[in-house]
Amino acid sequence: MKGLYCKLGETAADAKFVVRETNVPSALGSNQVKVQVKACALSPLDIKLHEDLKFQRDLVPVGREIVGIVLQVGPKVTFFQPDDEVVGKLTCVCSPVQKPEKLSWVEAAGAIRDGLRAYTALHTLARMASGHTLLVLDGASPFGVLAIQLAHYHGVKVLASALSSEDQKFLEQLRPSVARVIGVWDAKVDLVDSCLEETGGLGVDIVMDSGVRLHEEEPEARCLLPYKHDIITLLGVGGHWVTTEQNLQLDPPDSRSLFLKAASLSFLNEEVWGASSARQGRYLHIMKDIVEKLSTGTLRPQLEDPVPLYDATVSMEMVQKKQVRKRLVIQL
């Protein structure tokens with residue numbers, strides 16, 4: 001059986017993606033399930049996270065959001081039977097859920113990671129509720145689109161930033177519609193002023209960023225990211241800031257501003273669900289809800305056309321370099 005792997009080097013830039021033959025154990029453990037993978041999604045690999053967790057592997061599996069058919073189950077497995085169609089995310093503890101019959105392989109695989117991130121950010125971290133106002137930064141990203149759709153479903157007013165004129169046009173055509181699309185690609189548009197104007201000067205209840213600009217001199221790809229001071233300024237009293245910026249640092253004045261607003265800051269890391277067996281019940285509930293909303297059309301992921309396995313290495317290199325806007329899926 002062939003698999004897609006990342007061959008780690010001395011630095012992140014030295015990492016290479018390769019397709020290798022792999023051996024599958026013939027005997028299953030009591031609680032294990034053997035799945036024939038029909039499709040897997042490609043997401044950027046967090047090499048630094050693997051280094052921090054001290055995984056002693058030269059080859060790291062890639063394409064961990066999978067969908068497939070159950071071939072065999074261990075003697076203690078009761079939730080699945082052979083020929084069941086399942087969806088799962090390969091973590092330290094992998095727990096698949098049933099795939100609805102009318103949900104396609106590609107759509108299920110392509111949405112599971114971004115759906116899990118959206119749920120974690122909005123429900124677990126930000127405690128989203130009807131009537132809240134949410135700002136989604138880079139709303140046209142695969143993650144941003146599912147977050148917007150999930151928020152709409154729960155009666156939340158959504159504002160979104162667009163990084164290009166194409167993204168702005170796309171967001172303006174979304175249905176249900178976004179209350180305001182803020183084109184930060186246009187130098188004449190001010191993110192803070194737009195948010196305060198839309199909320200009557202009160203600020204937003206929840207901010208979800210796609211990264212934060214840390215310095216004046218940043219690579220071109222990060223130049224449209226907001227400064228942390230801007231996010232804190234547009235955040236309302238009792239608001240929640242959910243960040244994906246791993247290297248975020250707050251200065252004392254920043255902390256003071258958050259304190260005066262009784263606001264909170266949370267770091268979004270969906271990999272944490274696999275770190276504690278005590279959270280498996282909640283994790284499975286989220287996964288089931290995601291696939292149900294996908295099957296009913298409540299969540300509609302933004303996907304590229306699926307690619308075959310022989311194009312996987314080139315496709316993964318593009319994903320790792322963030323050269324692809326939509327989610328890429330390998331169809332097997």
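Me: What should I know about the model and its numbering?
Reply: The model is predicted, with local features needing pLDDT of at least 70 and side-chain atom pairs counting only at pLDDT 80 or more, while totals for chains, interfaces and linings use all residues. Residues are numbered from 1 along each chain as its sequence is written, and side-chain values use heavy atoms, leaving out hydrogens and water.

Me: What is the order of the six strands in the open sheet?
Reply: Strands are DSSP runs of E, at least two residues, and helices are runs of H or I, at least four, numbered from the N terminus. Two strands pair if DSSP finds at least two bridges between them. Here the order is 10-9-8-11-12-13, with parallel pairing. Strand 10 (180-183) and strand 13 (264-267) are the edges, each pairing on one side only.

Me: How many bridges join strand 8 to strand 9?
Reply: Four bridges join strand 8 (residues 133-136) to strand 9 (residues 157-162). L134 has V158 in strand 9 as its bridge partner.

Me: Which residues of helix 9 are buried?
Reply: Buried means under 20% relative accessible area, exposed over 50%, and partly exposed in between (1.4 Å probe, protein chains only). In helix 9 (residues 312-320), the buried residues are A312, S315, M316 and V319.
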